[in-house]
Amino acid sequence: MARYYDVHPDNPQPRVLRQVVDLLRDDGLIAYPTDSCYAFGCQLGNRSGLDRIKEIRKLDDRHHFTLVCADFAQLGQFVKVSNSVFRLVKACIPGSYTFILPATSEVPRRLQEPRKRTVGVRVPKHTVTQALLAELGEPLLSSTLLLPGEDEPMTQGWEIKERLDHQLDAVIDAGECGTEPTTVVDLSGPEPEILRRGAGDPSRFE
């Protein structure tokens, strides 16, 4: 059964965050809130966590997973950013955007898109997410908490606990978070390509 953590949205309890990070370091899989909607999260090297996300969401190997990073400096360790892309990304973070960029050697091959060797990255604005990333000290491997056959992600922590109790190790509930996934922009080619219109304003990439 998944542990259920009721976390203060503005002042998340450090003791709780430490417990969640211990779970993550023990190859745990969590559901946590972001500034766009809930997401699955596990450590980068957690193979079983990756497989569990794929199984729950029924994803194939072409799916772009996302590295949720604390800031631009951390993001820059995992993706290659040209000068022109640097300005675009810097202007949009933190915020509700996911950027597809060429992965560096820091990203395990199994997380990269097989043909293009790209990966998704984002820097969220959510207080609890940022506190969790600070405690963990590295990015979270993430995917939107969108179940097969459903049009919208789940938005209530108690409902996630109820429906996915035996498939997760923990659920972090910090109250209401967004209901719309991030806007996804592929910046790996010569021109920006909007792959999904979501919570972030896509007009700056059109």
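1. V185 has I194 in β10 as its bridge partner. Strand β9 (residues 183-186) and strand β10 (residues 193-196) run antiparallel and are joined by 3 bridges; two strands pair if DSSP finds at least two bridges between them. A hairpin of 6 residues connects β9 to β10. Strands (E, at least two residues) and helices (H or I, at least four) are DSSP runs, numbered from the N terminus.

2. On the basis of the note: this is a predicted model, in which local features need pLDDT of at least 70 and side-chain atom pairs count only at pLDDT 80 or more, while totals for chains, interfaces and linings use all residues. Residues are numbered from 1 along each chain as its sequence is written, and side-chain values use heavy atoms, with hydrogens and water left out.

3. UniProt lists residues 14-200 as "domain: YrdC-like", in an unreviewed entry. UniProt positions are given in the numbering used here, feature names are shortened, and annotations may be inferred rather than shown by experiment. The span of residues 14-200 is 28% helix and 21% strand, and its end C-alpha atoms are 29 Å apart.

4. The structure has 0 disulfides, a disulfide being a pair of cysteine sulfur atoms within 2.5 Å. C92 is in no disulfide, and the nearest cysteine sulfur, that of C69, is 15 Å away. C92 is buried at a relative accessible area of 4%; buried means under 20% relative accessible area, exposed over 50%, and partly exposed in between (1.4 Å probe, protein chains only).

5. Rings of Phe, Tyr and Trp (its six-membered ring) pair if their centres lie within 6.5 Å; planes under 30 degrees apart count as stacked, over 60 as edge-to-face and the rest as tilted. One of the pairs, F72 with F86, is edge-to-face, at 4.9 Å centre to centre and 80 degrees between the planes. This pair links distant parts of the chain, 14 residues apart: F72 lies in helix α3 (residues 72-75) and F86 in helix α4 (residues 83-90). F72 is buried at 14% relative accessible area, whereas F86 is partly exposed at 36%.

6. Y97 and F99 form a stacked pair, because their ring centres are 5.9 Å apart and their planes are at 10 degrees. Y97 is buried at 6% relative accessibility, and F99 is buried at 0%. Together with F205, Y97 and F99 make up one aromatic cluster.
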